[in-house]
Amino acid sequence: MGDGEAIKIGLLGRGTVGGAFALLVEQRADAIARLTGKRPSIGGVLTSSTGDFDQILEDSDVIVELIGGLDPARDYVLRALKAGKPVISANKALVSTHGAELFAASAESGAPLFFEAAVAGVIPAIRVIEESLAGAHVERVHGIVNGTTNYILTEMANSGLSYDEALKQAQDLGYAEADPTADVGGGDAAAKMAILARLAFGLDVSFDQVVFEGIENITSEDIAYAREFDLVLKLVGTAERINGGISVRVFPAFLYPSHPLASVHGSFNAVTVESPAITEITMSGPGAGGVQTASAVLGDLVSILSGVPRTRGEAAPATIVDDVKSAFYLHLEVEDRPGVLAEVAAALGNHDVSVRNFNQQGTPDAARLVMVMHPTLESNFFAAVAEIAALPFVGAAPRAIRVIEEEFGS
Ligand code: HSE
């Protein structure tokens with residue numbers, strides 16, 4: 001039982017994930033000792049009220065940062081790396097905001113930095129991108145990387161709950177961050193997409209380069225009307241190469257049922273990686289939760305104890321492409337009289353926007369026009385929508401939601 005070189009872990013933060021991790025280390029110590037010849041145990045623990053960081057750093061062989069947020073996590077992680085201690089972090093805000101600085105410190109001292117748990121919980125997206133697909137030229141990564149919003153959208157679609165009711169349920173189940181604004185506003189997903197983009201493209205991508213929008217304005221009607229076209233609504237992160245640059249963005253988007261992300265329901269996350277060499281692969285699983293996230297942290301620990309290298313060279317700056325091509329769903333409430341459709345079509349045509357599918361339904365005193373466009377430059381589409389919104393027969397403000405057109409395996 002006592003076999004294996006003793007490895008002391010300095011644990012920063014003992015919340016839901018930290019507590020679960022401490023328990024897992026104890027439960028899995030024998031298995032890890034057999035696998036790596038090293039037996040980990042928790043040495044010092046730092047919480048907001050107990051422990052001394054300097055002492056813990058000195059006494060530990062590996063630092064595990066599960067505090068979250070930028071400060072003081074940034075200072076602790078940098079100091080550990082500079083002291084040559086391997087670091088594991090689950091902190092998406094930290095890695096997506098200060099990645100370049102952390103990687104430089106890691107490269108300089110040679111101390112590896114692992115953060116599998118920062119993106120999509122226990123799904124090994126980072127390991128797959130950095131190891132298994134190291135030889136592939138990744139063209140695009142799509143992700144459902146926020147469990148709270150996926151749960152809300154699933155409940156709105158399947159149980160007919162309102163947005164507020166579904167959010168309350170997600171909070172009660174513990175999926176949401178302490179402040180759910182980052183979840184429903186898209187910021188949490190944007191941080192995770194920045195990290196995936198950095199690793200997939202080998203470029204210096206940070207959180208402030210990600211364009212994002214959340215799901216706060218989505219209504220049950222949007223989801224219901226889009227069923228006419230067999231569309232499923234998800235909060236989708238996209239990181240892709242475009243004309244020598246890249247675009248990283250997070251938006252609510254409709255998917256066709258045969259897209260691999262369309263069948264990812266509830267609080268599950270999924271990441272799809274596309275490359276000419278591999279077509280596409282999709283990984284899915286729990287994206288949050290104490291023991292699930294702790295399992296990803298433990299996986300990183302095993303990698304460190306096994307000597308897997310994880311220092312990264314300096315990355316070139318990313319060139320961000322602002323205006324991308326997207327397909328859109330458009331919902332209009334209009335007066336039902338001759339010439340209306342012609343004027344709407346003319347406004348779309350004026351801006352080079354082409355309709356793929358169209359449906360009109362009569363309401364007691366008006367008509368509801370719902371259409372899906374072919375992909376077009378977003379600037380063109382929004383110019384057309386502004387022109388349509390100003391037409392005298394248009395009632396409520398037009399509703400536009402992106403559509404992801406790709407279908408795989410169909
Ligand atoms: N609040 C996050 C989510 C937890 O809903 O996915 C994991 O980062």
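Author: One term before we start. A cavity here is a set of grid points where a 1.4 Å probe fits but cannot get out. Also, this is a predicted model.

Reader: OK. How many cavities of 30 Å³ or more does the structure hold?
Author: One. About 30 Å³ of space lies in this largest cavity.

Reader: Which residues line the largest cavity?
Author: Phe114, Phe115, Glu116, Ile126, Arg127, Glu130, Asp300, Arg310 and Arg312.

Reader: Which helix gives the most to that lining?
Author: Helix 5, residues 125-132. Helix 5 supplies three residues.

Reader: Switching to pockets. How much space lies in the largest pocket?
Author: About 910 Å³.

Reader: How many residues line the largest pocket, and which lie nearest its centre?
Author: The lining has 41 residues. Val17, Ala90, Lys92, Glu177 and Asp188 lie nearest the centre.

Reader: Which elements give two or more residues to the lining of the largest pocket?
Author: Helices do. They are helix 1 (16-36), helix 4 (92-109), helix 6, helix 8 (181-184), helix 9 and helix 11 (290-305).

Reader: What classes make up the pocket lining?
Author: There are 18 polar, 16 nonpolar and seven charged residues in the lining of the largest pocket.

Reader: Now the ligand. Where does the ligand sit?
Author: In the largest pocket.

Reader: Which residues are around the ligand?
Author: Lys92, Asn146, Gly147, Thr148, Tyr175, Glu177, Asp183, Asp188, Lys192, Gly287 and Ala288. By class, this shell has five charged, four polar and two nonpolar residues.

Reader: Which helices each supply at least two residues of the shell?
Author: Helix 6 (147-158) and helix 9 (187-201).

Reader: What about side chains? Which atom of the ligand lies 2.6 Å from a polar side-chain atom of Lys92?
Author: An oxygen atom. Lys192 also has a polar side-chain atom by a ligand oxygen, at 2.8 Å. For Asp183, a polar side-chain atom lies 2.8 Å from a nitrogen atom of the ligand.

Reader: How much of the ligand does the protein bury?
Author: Taken alone, the ligand exposes 260 Å². The protein buries 90% of that.

Reader: New topic: the backbone. Is the peptide bond from Asp71 to Pro72 cis or trans?
Author: It is cis, with omega near 10°. Most peptide bonds are trans.

Reader: Where does Pro72 lie?
Author: Pro72 is in the loop between strand 3 (62-65) and helix 3 (73-82).

Reader: What about phi? Is the phi of Asp230 positive or negative?
Author: Positive, about 65°, although Asp230 is not a glycine. Most residues other than glycine have a negative phi.

Reader: And where does Asp230 lie?
Author: In the loop between helix 10 (220-226) and strand 9 (232-242).

Reader: What is the phi of Thr279?
Author: Thr279 has a positive phi of about 65°, and Thr279 is not a glycine. Thr279 lies in strand 12, residues 279-286.

Technical notes. Residues are numbered from 1 along each chain as its sequence is written. This is a predicted model: local features need pLDDT of at least 70, side-chain atom pairs count only at pLDDT 80 or more; totals for chains, interfaces and linings use all residues. Side-chain values use heavy atoms; hydrogens and water are left out. A residue is near a molecule or strand if one of its heavy atoms lies within 4 Å of it. A polar contact is a pair of N or O atoms within 3.5 Å; within protein, one must be able to donate a hydrogen and the other to accept it, and residues adjacent in sequence count only if both atoms are side-chain atoms. Accessible areas come from the Shrake-Rupley method with a 1.4 Å probe; for residues, only the protein chains shown count as cover. On a 1 Å grid over the protein atoms alone, a cavity is a set of points where a 1.4 Å probe fits but cannot get out, and a pocket is an open set with protein on both sides within 12 Å along at least five of seven lines; lining residues have an atom within 4 Å of a point. A molecule sits in a cavity or pocket if more than half of its atoms lie within 2 Å of its grid points. Helices (H or I, at least four residues) and strands (E, at least two) are DSSP runs, numbered from the N terminus. Ala, Val, Leu, Ile, Met, Phe, Trp, Tyr, Cys and Pro count as nonpolar, Asp, Glu, Lys and Arg as charged, and the others, Gly among them, as polar. Grid points are joined across faces, edges and corners, and a volume is the space filled by probe spheres set on the points.
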